[in-house]
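Trainee: Hi! Could we go through this structure together, starting with the strands?

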Amino acid sequence: MRSLKKAMAWDEQRFGLEYDLDRYMIVAVDDFNMGAMENKGLNIFNSKYVLACPDTATDSDYLDIEGVIGHEYFHNWTGNRITCRDWFQLSLKEGLTVFRDQEFSADMNSAAVKRIEEVRLLQTHQFAEDASPLSHPVRPDSYVEINNFYTMTVYNKGAEVIRMLQTLLGRDQFTAGIRNYVARHDGQAVTTDDFVAAMQDASGVNLDQFKRWYIQGGTPIVQVKHSYDAVARTMSLTFTQSCPVTPGQREKEPFHIPVRVALIAADGGDVGVGEIVLEITKAEQSFTFKDVAPGTIPSVLRDFSAPVKLVMEQSLKDLAFLMTHDSDPFNRWNAGQRLALQLLLALVTDVQHGRTLHLDSEYIEAFRRGLQDDQTDPSLLALALTLPLEGYVAEQMSQIDPQAIHAAREFMRHTLACELQTELLQCYRRCHVQGEYRLDPQSIGQRNLKNLCLAYLGTLDDGVMVDLVYAQYQHSDNMTDVSAALTIMADIPGVRTHQAFDTFYQRWQDDPLVVDKWLSIQARSSRSDCLSAVQQLLDSLAFDLKNPNKVRSLIGAFCQGNLANFHAVDGSGYRFLQQQIAKLDTFNPQIAARLVTPLLRWPRYDEQRSSAMKAVLEALLGTAKISPDLYEVVSKSLQQ
């Protein structure tokens with residue numbers, strides 16, 4: 001109810017849109033393939049996105065519930081009163097409504113943290129989708145089974161397209177465009193072209209080239225070169241854009257790309273007028289800034305102003321500078337991620353060649369300064385101190401080596417914990433605030449940062465630190481802290497870990513949503529016996545193959561969230577997934593088609609792994625009575 005009331009008030013204030021019925025009716029169910037569905041007059045929710053209390057739900061659960069309830073409510077106008085003319089226009093309602101729920105969540109909580117989390121999701125999953133055989137434009141032009149187009153591209157990239165319109169037009173003209181769209185098309189079934197036309201007519205800005213974002217697939221690559229003329233005191237930025245070949249689209253026309261840019265002076269302040277938006281409309285364009293002092297560093301693609309891969313050479317020193325001084329929260333975080341990514345990729349190479357591993361001392365010192373920072377939003381600081389995810393690192397490699405990525409990242413985590421144990425412990429204690437559970441940005445941030453510190457400390461082979469993890473598990477009064485400790489314990493073999501997981505299950509066995517957490521934590525364990533544990537859980541009372549939440553929590557968490565163990569060299573993870581998909585396809589083809597995703601990029605792996613993955617896909621394709629959902633996904637994958 002709190003989430004719904006917030007959403008109603010926000011939509012009235014932001015876009016002038018009011019609810020049009022006397023009652024808002026919902027039903028929540030435990031067995032549902034989707035998160036929710038916006039049927040007019042009776043919204044259907046997966047119980048995961050309605051039921052919560054501090055004992056059973058984490059901070060992330062609460063924020064997800066707020067966002068999903070907002071999303072379904074916002075569909076009343078963008079989806080129901082104005083709907084899609086045909087299925088190809090699906091992003092007309094989903095991309096637009098995801099954008100609206102993102103803006104709502106940003107206004108209710110930390111805007112910077114929300115933006116970073118959106119981009120992490122996009123870079124790790126949607127970019128991978130764009131580079132896969134299932135790549136398709138935001139507005140697809142064909143399909144075998146429409147269920148397969150409820151994708152990250154339609155939803156999340158579609159939301160980025162809407163966000164770019166707001167960036168190009170400015171907030172006031174964008175809002176006027178939304179109101180023009182509603183006034184013009186209320187009660188109609190329309191297209192993405194109708195939406196863009198409403199924006200263009202309200203703003204007077206020509207958006208013909210911009211519409212290529214809807215019809216061209218793939219993630220554009222934007223290369224940036226910068227040069228400084230000390231005599232003329234000018235800085236030039238040259239942008240080159242290109243887009244890889246995608247299925248059915250070999251040639252791509254230049255996109256209309258908004259790039260937020262600012263120049264950061266050597267003393268850390270913004271230069272001149274501050275941030276501006278450069279519009280990249282050609283294959284190559286240059287921009288020159290005048291009266292620029294020596295030592296100035298460009299900050300490019302601020303707030304991730306376009307869903308592109310930015311390629312820009314900057315020294316470790318410059319990235320460290322931006323990590324500390326950039327006035328844009330996203331780019332400050334991104335500089336740290338780019339710095340960590342460079343170090344991680346170098347470590348991956350060292351692992352592959354059997355070389356001794358070392359971690360850059362300047363990076364350790366920058367990390368130390370972050371831990372000692374008690375002024376920054378703690379949620380933002382926790383994100384800054386989180387290393388790039390293994391899946392994102394994998395996307396940067398021409399040939400993915402899951403075990404080397406995992407080993408490099410674990411070495412980096414362990415080294416930081418060894419070198420900074422004192423600072424991590426101090427930060428943990430600073431954020432370990434006693435008292436009643438509170439769900440506000442500051443309290444959420446403190447728990448985020450505290451649990452990140454604990455995760456680093458938990459990598460140490462130190463009895464005192466392990467005791468600290470167990471103490472948090474035993475004495476915490478909220479699921480956020482309990483599940484954080486349990487997640488760390490999942491990687492620590494021993495009697496206490498076994499007892500903790502057993503006790504947790506005995507307490508919560510009658511709460512399906514908490515049992516889902518218990519399953520996921522075990523499925524993501526880095527222990528070498530993880531697959532064996534997952535197979536045992538399949539036969540337990542805690543699991544039900546016919547419940548989509550259970551399938552996602554156990555099978556999905558292992559196959560999509562445990563890179564190193566799923567991609568075991570012996571192919572055991574692939575055979576496990578094949579068996580589960582074959583069963584699921586007989587009664588839930590929608591879930592089966594989604595679960596196959598980790599196998600679809602088989603050419604990106606070494607010969608042994610790629611051959612094993614391809615064999616599994618071929619076996620699935622040869623299954624009698626394969627569903628249209630699964631057939632479309634697998635057959636497209638094998639055409640590579």
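This is a predicted model: local features need pLDDT of at least 70, side-chain atom pairs count only at pLDDT 80 or more; totals for chains, interfaces and linings use all residues.

Trainee: Do β1 and β3 run parallel or antiparallel?

Mentor: They run parallel. To see the pairing on screen, find V29, which stands opposite N46 in β3.

Trainee: Okay, and how many bridges pair β2 with β3?

Mentor: Two bridges, and here the sense is antiparallel. Strand β2 covers residues 36-37, and A36 stands opposite F45 in β3.

Trainee: What sits between the strands in the hairpin of β2 and β3?

Mentor: Five residues. One to look at there is G41, which takes a positive phi near 90°.

Trainee: Nice. Changing topic: how much space lies in the second largest pocket?

Mentor: About 870 Å³.

Trainee: Which elements give two or more residues to its lining?

Mentor: Those are α4 (111-130), β12 (309-312), α10 (329-352) and α13 (390-395).

Trainee: And which one gives the most?

Mentor: That would be α10, with seven residues in the lining of the second largest pocket.

Trainee: How many residues line that pocket altogether, and which lie nearest its centre?

Mentor: There are 35 lining residues, and K309, L310, V311, E395 and Q396 lie nearest the centre.

Trainee: Last one: how many of the lining residues are nonpolar, polar and charged?

Mentor: By class, the lining of the second largest pocket has 18 nonpolar residues, eleven polar ones and six charged ones.

How values were computed: Residues are numbered from 1 along each chain as its sequence is written. Side-chain values use heavy atoms; hydrogens and water are left out. On a 1 Å grid over the protein atoms alone, a cavity is a set of points where a 1.4 Å probe fits but cannot get out, and a pocket is an open set with protein on both sides within 12 Å along at least five of seven lines; lining residues have an atom within 4 Å of a point. Grid points are joined across faces, edges and corners, and a volume is the space filled by probe spheres set on the points. Helices (H or I, at least four residues) and strands (E, at least two) are DSSP runs, numbered from the N terminus. Ala, Val, Leu, Ile, Met, Phe, Trp, Tyr, Cys and Pro count as nonpolar, Asp, Glu, Lys and Arg as charged, and the others, Gly among them, as polar. Two strands pair if DSSP finds at least two bridges between them.
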